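Good morning, colleagues. Please look at the chain on the screen while I go through a few of its residues, helices and salt bridges.

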Amino acid sequence: MEAPMRRLFRLLSASALAALCVVGSVSAAEDDLRNAALEMFKPLPSTVPSVKDNVITPEKIALGKALFFDPRLSASGVFSCNSCHNLATGGDDNLETSIGHGWQKGPRNAPTVLNSVFNIAQFWDGRADDLKAQAKGPVQASVEMANTPAQVVKTLKSMPQYVEWFQQAFPGEADPVTFDNMAKAIEAFEATLITPAPFDAYLNGDENALTAEQKEGLQLFMDKGCASCHNGVNVGGNGYYPFGLVEKPGADVLPENDKGRFAVTATADDSYVFRAAPLRNIALTAPYFHSGKVWDLKQAVAIMGTAQLGEELNDQEVEKITAFLGSLTGKLPEVTYPVLPAETNDTPKPTANIQ
């Protein structure tokens with residue numbers, strides 16, 4: 001007859017072995033999920049990324065920060081880059097479409113500026129190749145800041161402090177205060193607006209960075225095909241796709257008069273084609289889509305299911321995918337509001353009629 005203590009030890013050993021097998025199985029499944037995610041996504045870099053034809057320096061970043069917050073780049077002296085890309089509210093303005101010069105309402109929802117350096121191009125239709133080109137657009141757009149390059153340069157040159165900052169940011173240039181250099185400085189600052197999130201920690205090996213529900217949502221996000229368009233370091237922003245690939249949303253979500261990238265390429269195949277939205281910090285940037293018509297993230301997820309995947313996602317699936325999207329909310333950079341250069345008698349006065 002087997003001794004009681006020996007039998008107990010044998011039973012405990014068998015239980016421990018079974019538990020180890022379960023743990024090992026769970027660990028293997030965790031590794032499989034993260035490895036699959038690493039094939040679709042990339043964590044944010046730990047340093048400021050380089051940008052084409054624009055060496056980023058501390059002096060250029062500091063100048064760009066001042067310009068980003070300066071409303072005097074607008075004709076009215078009212079609107080700055082931060083007006084539509086508010087760094088305190090997720091890098092956008094949380095409006096259906098932005099309000100600009102003369103209180104005009106813009107045609108599209110303002111995308112977040114956070115992590116925008118990782119997008120393939122800027123704007124919903126990709127009409128700006130990079131952040132330098134993007135910085136020039138709103139300054140000159142009649143519905144946004146309604147200014148001219150010449151007036152911007154005249155304004156900046158009228159303030160000695162700005163002239164000094166441009167000289168420091170662009171050393172060796174005979175005339176550094178230019179519209180192009182303004183855009184380069186803003187690009188340099190915007191390249192620093194990176195928000196590391198729990199999802200990055202998970203991709204870098206921290207199993208506990210995501211909750212169980214978020215991991216289930218990540219699995220669904222990949223299995224359902226969401227990651228076919230929303231992938232890479234910015235979880236989107238790196239390709240163009242028809243909105244309504246399978247089933248077009250109603251005109252309240254997809255306005256018929258906005259054909260997206262068609263306005264850039266004049267190619268019929270680009271009708272209602274838009275850049276896939278980057279999904280980092282998506283929980284902070286309602287309302288959603290280029291039309292800004294949807295305010296609830298769960299509703300946006302459900303719409304994407306029918307429009308892009310041809311599938312009615314059930315409530316539980318929507319909940320889990322939305323939970324995963326919450327893991328993309330990152331730590332916003334600490335930005336101290338800058339003290340801007342003082343105006344002089346030579347600084348152009350606001351010229352706009354504000355209704």
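This is a predicted model: local features need pLDDT of at least 70, side-chain atom pairs count only at pLDDT 80 or more; totals for chains, interfaces and linings use all residues.

**A walk through the model**

I begin with Phe 123, which is found in the loop between H3 and H4. Helices here are DSSP runs (H or I) of at least four residues, and strands are DSSP runs (E) of at least two, numbered from the N terminus. Residues are numbered from 1 along each chain as its sequence is written, and side-chain values use heavy atoms, with hydrogens and water left out.

Is Phe 123 buried or exposed? Phe 123 is buried, at a relative accessible area of 15%. Buried means under 20% relative accessible area, exposed means over 50%, and partly exposed lies in between, with a 1.4 Å probe and protein chains only. Leaving aside residues up to four places away in sequence, Phe 123 touches Ala 128, Gln 134, Pro 138 and Arg 275; contact means heavy atoms within 4.5 Å. By C-alpha atoms, Phe 123 and Asn 204 are separated by 30 Å, and they are 81 residues apart along the chain.

Let me now turn to the chain as a whole. Its secondary structure comes to twelve helices and two strands, in the order α-α-α-α-α-α-α-α-α-β-α-β-α-α along the sequence. The C-alpha trace spans about 105 × 45 × 35 Å along its principal axes. The protein chain has 355 residues, of which 48% count as buried. Of the contacts between residues at least 6 apart in sequence, 71% join residues at least 24 apart.

Next is helix H2, residues 58–69. Its twelve residues reach 17 Å from the first C-alpha to the last, close to the 16 Å expected at 1.5 Å a residue; that expected span is 1.5 Å times one less than the number of residues. Which residues of H2 are buried? They are Lys 60, Leu 63, Gly 64, Ala 66, Leu 67, Phe 68 and Phe 69. An α-helix has 3.6 residues a turn, so residues three or four places apart point the same way. The buried residues of H2 pack against helices H3 (81–84), H5 (149–157), H6 (160–169) and H7 (179–190).

I come now to the salt bridges. The term means a side-chain nitrogen of Lys or Arg within 4 Å of a carboxyl oxygen of Asp or Glu. How many salt bridges does a search of the whole structure find? The search finds 21. In one of them, the side chains of Arg 72 and Asp 70 meet at 2.9 Å, N to O. Arg 72 is buried at a relative accessible area of 16%, and Asp 70 is buried at 0%.

A second salt bridge joins Lys 293 and Glu 96, with the closest N and O atoms 2.9 Å apart. This pair links distant parts of the chain, 197 residues apart: Lys 293 sits in the loop between strand S2 (273–275) and helix H11 (297–309), and Glu 96 in the loop between H3 and helix H4 (131–140). Lys 293 counts as partly exposed at 40% relative accessibility, and Glu 96 counts as partly exposed at 23%.

Glu 311 is partly exposed, at 26% relative accessibility. Elsewhere, salt bridges that share partners join Glu 30, Asp 31, Arg 34, Glu 207 and Lys 215 into one network.

My last topic is Leu 325, which lies in helix H12. Leu 325 is buried, with a relative accessible area of 4%. Which residues does Leu 325 touch, not counting residues up to four places away in sequence? Leu 325 touches Phe 221, Leu 279, Ile 282, Leu 297 and Val 301. The C-alpha atoms of Leu 325 and Val 301 are separated by 9.8 Å, and the two residues are 24 apart along the chain.
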